[in-house]
Amino acid sequence: MEGRVITTILMENFMVFFGHLLSDSSYPVPQRAIGVGSAFEGWSPREEDVVYRVLVPLNPPPGHTFHLEMDTSGQLPGRNFFIRVEPVCTCPREQQDDNVLCSLHHHPEDEQRRNEEPNFLNTLGTGSYLDVEKTARWFYQLVRAAWPALPQSHSWQIVLLPSSRCCKFKVTRGRKSLTVELLFGVREGNSDIYVSSQPTEALFTPSTVWPETYAVAEMKFFKLIARQDPLNNWHLKCLHVLARALLGIGFSTYTLKTIVMHLLNTIPVLRWRMRHFRRRLGNTMEYLHGSLEEKRLDHFVVGNRTFPQEILLPPDVKTAEPPNLFHRLAQDPAAHTQAMNEYCELGHRLARMLHDGR
């Protein structure tokens, strides 16, 4: 809890500084950071390994708009987008002065002068598209410039950590340290779905590709569950124990999180209390076993017709075919055999942890 609070306050201070710095510039303006992932959902496997992940939405600068174009090549897993930067007219409706024109309707003689001036697309774009890696480098520059002006700089030390698709840093005060991963992205309409700088599962993600992220919708799902039974967090303890047991095993924590979310959507939260703890762990393992046998685990958000209506999804996300998170197992018999063996190992670990009371 303390780490979440410290990270939230730190990011609020960063955003205030960024807002002042960029309010009159021709660069995108970062919006309020949104805490996502296990650290903010409350089930991180080990305190010493916690990464506080935040998503910073970007609004286009005046005179521009961000247009999302889906990648239809099929070369990368999941739903991926390009962000085309397009100019828009900002001329007054009743033009008083022909000499005052927006960047779209400028005078021809201004063309050379405008080309020589700094342009955010020249800095952050590749062609007409927003570039993830260039935007990451820009965020590193912003963080480096802002840090001395923040109150935290008087008592904390900051170290910038290398990353090509996000801005990652560690802050330290005495023995206390926090690692923050700042992702950035663009919101899809008025929904809770974004395209972000996170990498895909592929070995290489082109710098103009922005994968769709469901992290904000999933975080809001956990908040919705918490509101239904405010004094009960045993569903998070269940996920925490599963994530701890996974350490060193091939399954991703996202696999177990997906299964728990499916179960939370079908088993009332009132049946996730302490007396149900072992049964819910058993339900999760049964669900995992069934999914492994079928070689299919549906994504929780995409194509889920029973997803809570309070969380806003774009229409095409609601109606899309759910991605199979186990698609690799269906294509690779050796990977499937290994996954079944790892399922057995996970079951043995959980049994030992429960026996030892850990």
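1. Which residues does Thr 7 touch, not counting residues up to four places away in sequence? In this predicted model, the residues that Thr 7 touches under that condition are Phe 40, Tyr 52, Val 54, Leu 178 and Val 180. Thr 7 itself belongs to helix H1, which covers residues 2-22, and with a relative accessible area of 1% Thr 7 is buried.

2. The protein chain contains twelve helices and twelve strands, and its C-alpha trace spans about 75 × 50 × 40 Å along the principal axes. Of the 358 residues in the protein chain, 46% are buried. Among the contacts with a separation of 6 or more, 63% are between residues 24 or more positions apart.

3. The buried residues of H7 are His 235, Leu 236, Cys 238, Leu 239, Val 241, Leu 242, Ala 243, Ala 245 and Leu 246. These buried residues pack against five helices, namely H2 (38-41), H6 (215-228), H8 (253-264), H9 (277-294) and H12 (333-356). As background to such a pattern, an α-helix has 3.6 residues a turn, so residues three or four places apart point the same way.

4. The two ends of H7 can be described through individual residues. Asn 233 is located in the loop between H6 and H7, and its relative accessible area of 35% makes Asn 233 partly exposed. Just after H7, Gly 248 adopts a positive phi of about 90°.

5. How do H7 and H12 meet, and at what angle do they pack? Their packing angle is about 120°, and their axes are 9 Å apart; the two helices are therefore oblique to each other, and their crossing is right-handed. On the H7 side the contact involves Val 241, Leu 242, Arg 244, Ala 245 and Leu 246, while H12 contributes Leu 346, Arg 349, Leu 350 and Met 353. By class, the residues of this contact of H7 with H12 comprise seven nonpolar, no polar and two charged.

6. From H8, the residues Thr 255, Leu 256, Ile 259, Val 260, His 262 and Leu 263 meet Asn 283, Thr 284, Tyr 287 and Leu 288 of H9. Sorted by class, the contact of H8 with H9 holds six nonpolar, four polar and no charged residues.

Conventions
Residues numbered from 1 in each chain as written. Predicted model: local features only at pLDDT ≥ 70, side-chain atom pairs only at ≥ 80, totals over all residues. Heavy atoms only, no water. Buried < 20%, exposed > 50% of the residue type's maximum accessible area, 1.4 Å probe, protein only. Helix = DSSP H or I, 4+ residues; strand = E, 2+ residues; numbered from the N terminus. Contact = heavy atoms within 4.5 Å. Nonpolar A, V, L, I, M, F, W, Y, C, P; charged D, E, K, R; others polar. Axes fitted to C-alpha atoms, helices over the stretch in contact; angles between N-to-C directions. Parallel < 35°, antiparallel > 145°, perpendicular 65-115°, else oblique. Left-handed = near helix turned anticlockwise from the far one by under 90°.
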